[in-house]
Amino acid sequence: KPVYAVVVFDRSGSMASTETETDECVRYEYDWFGRKYCDKYKTVSDNKWESAVQGAKDFASTLLEKIPTANIALVAFSGNDGRNDTAYNDAEVLRNFSNTTNTNLDSTNFGSANGGTNLHAGLYEANKLLNASNIPSDAYKYVVVISDGQPTFYYNNKGYTQGTGNTTNENTYNATISMANTVKNTTKAEVFSIGYMLPSGKVYGNKTAADILTEVASPDVQG
């Protein structure tokens, strides 16, 4: 049977790599009294963005190694608060389905990390792709969500962005889980979730970001 897989990639601002200053001095200076002091400390990056992008590329490459005819699409999502905005524009298809042998995601431009987290929008686009009329009814379908797990925006019923942009409220949570269930039920796809450097602690009620990604995924297939 043919295979169709959609990578739903989070490129919100929280996915950006961050630099942390260490205690190691890399440049010394002297003050007016001749006293030596550290002018610059070494910084190290957590490589969150680079790791997530590489994870998406590795998934595509591994799938194509096992199933060279697999069709792989890439959807990227972030989000803004809808001011001076148009409907349904928090996610975009960076690459539509392609089953050309050895066509992976290595040359795909993932963009950059910016904005809030409208996972609802990413799942919405994945649902459209997998429900398209040209997808064989007997195809195996998969969705792989790559995110740090805390949705902060969602679409209303007209496609406009709603939510706080920095926290998960009840409407955002409900819309996200509802759309994940829609994907599972209408496309019959198996949904996987892969979390990258998830925020610690509770993000909505008693739920952690990991809990939300687990609910987004099909049973027992979260990453």
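User: In the hairpin of β2 and β3, how many residues lie between the strands, and which residue there takes a positive phi?

Analyst: In this predicted model, the hairpin of β2 and β3 has five residues between its strands, and Gly 34 takes a positive phi near 80° there. The strands on either side, β2 (residues 19–30) and β3 (residues 36–45), run antiparallel and are joined by eight bridges.

User: Where is Lys 188 found, and is Lys 188 buried or exposed?

Analyst: Lys 188 is found in the loop between α3 (170–187) and β9 (190–195), and it has a positive phi of about 60° although it is not a glycine. Lys 188 counts as exposed because its relative accessibility is 65%, where exposed requires over 50%.

User: How should I read the side chains of a strand, and which way do the residues of β4 point?

Analyst: In a regular strand, side chains alternate between the two faces of the sheet. In β4, Asn 71, Ala 73, Val 75 and Phe 77 point one way, while Ile 72, Leu 74 and Ala 76 point the other way, and all are buried. In other words, seven of the seven residues of β4 are buried, and the strand is mostly covered.

User: Which strands pair with β4?

Analyst: β1 and β4 run parallel and are joined by seven bridges, with Val 75 in β4 as the bridge partner of Val 8. β4 also pairs with β5, in the antiparallel sense and over five bridges, and here the bridge partner of Ala 76 is Glu 92 in β5.

User: What should I look for in a nonpolar core, and which residues touch the most other members of the largest one?

Analyst: In soluble globular proteins, nonpolar side chains tend to be buried together. The largest nonpolar core here has 31 residues, of which Val 6, Val 8, Phe 97, Leu 123, Val 143, Val 145 and Val 216 touch the most other members. At least two residues of this core come from each of β1 (3–10), β4 (71–77), β5 (91–98), α2 (119–130), β6 (140–147), α3 and α4 (209–216). The largest share, six residues, is supplied by α2. Apart from this core lies another, of 20 residues, among them Ala 56, Ala 70, Ile 72 and Leu 105.

User: Which residues does Val 145 touch?

Analyst: Leaving aside residues up to four places away in sequence, Val 145 touches Val 8, Leu 119, Leu 123, Val 191, Phe 192, Ser 193, Ile 194, Leu 213 and Val 216.

User: How many residues of α2 are buried, and how far does α2 reach from its first C-alpha to its last?

Analyst: As a general idea, an α-helix has 3.6 residues a turn, so residues three or four places apart point the same way. In this structure α2 is mostly covered, with 10 of its 12 residues buried, including Leu 119, His 120, Glu 125 and Asn 127. From its first C-alpha to its last, α2 reaches 17 Å, close to the 16 Å expected at 1.5 Å a residue.

Technical notes:
Residues numbered from 1 in each chain as written. Predicted model: local features only at pLDDT ≥ 70, side-chain atom pairs only at ≥ 80, totals over all residues. Heavy atoms only, no water. Pairing = 2+ DSSP bridges. Helix = DSSP H or I, 4+ residues; strand = E, 2+ residues; numbered from the N terminus. Buried < 20%, exposed > 50% of the residue type's maximum accessible area, 1.4 Å probe, protein only. Core = buried A, V, L, I, M, F, W, Y, C linked by side-chain atoms within 4.5 Å. Contact = heavy atoms within 4.5 Å. Expected span 1.5 Å × (residues − 1).
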